[in-house]
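Have the viewer open as you read.

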Amino acid sequence: MTHTLGETAPGRKDDLLGRRDECAVLDGMIGAVRGGRSHALVVHGETGVGKSALLGRAAQSATGLRVLRAIGIESESELAFATLHQLCVPLLDRLGGLPAPQQAALERAFGMRDGGVPERLPVALAVLGLLTPAARECPLLCVVDDGHWMDRASAQVLGLVARRLPPESTGLVFGVRKPAQELLGLPELEIHGIPDADARALLDSVTHSRLDSHIRDRIVGEARGNPRTLLDLPRGLTATELAGGLGLLHAAVPADRIGRRVLCRIEDLPEEARLLVLIAAAEPVGDPALVWRAAGRVGVTPVAALTPGLDELVSFGVRVTFRDPLIRPAVYRSATEHDRQTAHLALAEVADPLVDPDRRAWHFAAAAARPDESVAAGLVRSARRARTRGGLACAAAFLRRSVELTADPSRRVDRAIAAAESSLRAGDLDTARTCAGIADRDARDDLQRARTQLLRSRLDPAAGREGNHASSLLASARRLEPWDEDLARQACLLAWGTSALVAADSDGLMAASRAMRALPPTTRTSSPLDLVTEGCALLVIDGHAAAAPVLRRAAAALAELPAHDVPVWSWVAGGVAAAVWDDRAMTAVSGRTAEAVRAAGALTELPLCLFWSGLAATWTGDFAAAEAIGHELARVAATTGRPAPPHVGLRLGALRGREPEAEPLIAAALEDDAGTPSMRGTVAHWAAAVLYNGLARYERALPAARAASGTGEVWVSMWVLPELVEAAVRSGDERAARDAVERLARATKPYDTDWARGVLARSRALLSEEASADRLYREAIDRLGRTGLRPELARAHLLYGEWLRRERQRIEARKQLRTAHGMFVSTGMEAFAERTRRELLATGETIRRHGADASWRGALTPQEKQIVLLVQDGLSNPEIAAQLFLSPRTVEWHLGKVFTKLSITSRRELRNIPPGAGLGRIAG
């Protein structure tokens, strides 16, 4: 079971979560095979512990090796040689090269020739005869997964083969639950559960809503570090259904995970024991005192309930612990509705209303068979508190159940609207639609109808549906205005954001801006809602000069929001800070809002927050953080069912300058954008302009920059202007360059930040002569040097160095170009680094193509890469040798090659290479 969500350690993208040592052993084996030796290994552990994930990773990381795979299949376990046939099929074209007796034996084994069942030894020798010449051509890795389902004949033959592997370049690794007799004596790697901290991280990565900490600890304790158990538990449940962990009783129970014997044991329990186990299952934390008090409430005593064999299901100690957390939902599902209500009512009645009011309310709700206002009101109170414990999803679950238990139609509508809003923000669009439908059906007054219309206007864009969403939101705003001006303002602002951030719709942007301006004036002076609304309207209608003072105040107000208000404004906060050209505010605000939204479980808003946070990381040159954010965006998309916006990946690929990786991303985004132009296409053109400027293909950068700057979009159309200036100047289109500089001046001057002034000075310098150019380049370097925008500063040094070289000031040019090259290399901007290197060569300076960072990523072999990582972890040469199946002398020889490639001389320098610098790409 490959656990691919949240599975990697920071900076170590290729290591499974909690499996660093195991990955190192397998990497060492693969390295030994790649180096010319042969090894066999039996990987064993209980069901679901992660054997298949490790073997899958080994196969994927075996660059330069030919991988042969076979999987044991239960239904074929009685078919002689079935697993062996899977493994050998790719090599059967070599049968003719075997000695006649071995060829005949293998053909009889595979049913290719008539005859009796062959002896195992000739078959094993035949398999070795196939592997040996193949390994001489290319190192081989043979992977046999689910080996416990191998037929006995295959197990016998492969056991013989594993003990007689060819002397060169062959690896054979088995994944089994327990080593069979045929594999005993081979080197073993036993796989245990992952550590609790990693188990929590894995569980968090697949729930995507904050679990109650006590429930999470109970699940982790019961799972005993088994990754498959942790992955199976929330499968099929939405964020709202999880309800902070309370809803896990409704998890699907895979039959193969529990086993028929356990299910029969549940069914065969005496009545009192079955009720005790049900109460234990329904109590989510595992509090034994609470379970026994509830059991006593319904007349269940320890003497009657603790029957022999009960410990096969559950144990009562410091915590009530099921043998497997999936037994809980199995017990719960097997009970009758009446028994479940009885168990929940007993738990509710014995729960402390002061210590645990929310779980008490949940139990009362689960016990209710008909509408009950007192229970429904308790759920509403719990929903308010739930945000701090289980986030929006938990609050939505409380509210959803309160709707079902509310008899009064008007209250039911209000609660349905609240449930729909929380479900929408939590990313559970199906529940949001259901609740919105209830509100729509039962609405009693115009305000309820207007709020429901606003909900529906928000649901379609959240689901990624086509349509004029801005127009629908503005219609909702007009309907709300007589009843709730603040909600009308929010609807207008949502329309503005939908046009600006999703559709790049200049007409919709103007319509929303005019609608915001037409709203009645407010007497408040510092409300973020009022400031953002006014500033955004001014920006579109009157331009940067008019909007700057208001947007600066709005950015300051958003930066100082109380923590509980941050998620409400998260979707707009990063954009306001970026609009005023304040890099530090953009980084701080986007990071704070993403953290708050992530903690709240607001999955609908999280992608936009991650967009701003990832964009800020690319501006500052923190590519490792940007890449991690890209992975998180993909995980959120998998949870919500909506495609991940590619903006961060596009920007990151462009700055890194790896053309084979960046161009397909750009092409795919532009193809998706062809039918309905959107922000995606604007960002793709911006990325293309950056990529081709880095590659010095200015004739391709120019049209891309023009396309991005001409959309009427608010942010990217400004940020791409320096790219347009550079591409136009280098392409000889001075008029286009001067027009772009004028536009850039109008967009930056009103804000007077070092970012704004720095990029303007750098762009003007490209069009200036002699003294003016020199002064402007120095100003750009000075101003950008006071920001955190490392890539922009490096580009200022590069452009200054290029200008100095053309002015025949070679010594000064070298200084600037060396600085730029070092910054590009350490940041990971490979295309710009290579462009700078060529400029240095033109000055007469010799510089290595492979520096000690990102530019050597393609230079290290997999073996060298693994040794580097182990050195960085502090291991000595003998320790590395033991872990990688090498001799200390071989490790020393590899390190000498590494030092040469990285232009360093010591282990200390090797340890100082930053983790995010890039050990990801290696030579095949």
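## Cysteines

The sulfur of C435 sits 15 Å from the closest cysteine sulfur, in C394, which is too far for a bond; a disulfide here means a pair of cysteine sulfur atoms within 2.5 Å. The structure holds 0 disulfides, and C394 is likewise in none. C435 is buried, at a relative accessible area of 0%, and C394 is buried too, at 5%. (Buried is under 20% relative accessible area, exposed over 50%, partly exposed in between, with a 1.4 Å probe and protein chains only.)

A word on ground rules: this is a predicted model, where local features need pLDDT of at least 70 and side-chain atom pairs count only at pLDDT 80 or more, while totals for chains, interfaces and linings use all residues. Residues are numbered from 1 along each chain as its sequence is written, and side-chain values use heavy atoms, with hydrogens and water left out.

## Cavities

How many cavities of 30 Å³ or more does a search of the whole structure find? The count is 7. A cavity is a set of points on a 1 Å grid over the protein atoms alone where a 1.4 Å probe fits but cannot get out, and lining residues have an atom within 4 Å of a point. Points are joined across faces, edges and corners, and volume is the space filled by probe spheres set on them.

The largest cavity has about 110 Å³ of space. Its lining has 15 residues, with G245, L246, L249, A281 and P284 nearest the centre. By class that lining is 10 nonpolar, 3 polar and 2 charged residues (Ala, Val, Leu, Ile, Met, Phe, Trp, Tyr, Cys and Pro are nonpolar, Asp, Glu, Lys and Arg charged, the others, Gly among them, polar). Helices α13 (271-282), α16 (327-334) and α18 (357-367) each supply at least two lining residues; helices are DSSP runs (H or I, at least four residues), numbered from the N terminus.

## Nonpolar cores

A nonpolar core is a set of buried Ala, Val, Leu, Ile, Met, Phe, Trp, Tyr and Cys residues joined through side-chain atoms within 4.5 Å. In the largest, with 147 residues, W496, W581, W686, W715 and W719 touch the most other members. Helix α35 (residues 679-694) gives the most to this core, 10 residues. Apart from it lies another core of 54 residues, including L211 and A432.

Methods: 1 Å grid on protein atoms, 1.4 Å probe; cavity = no way out; pocket = protein on both sides within 12 Å on 5 of 7 lines; lining within 4 Å.
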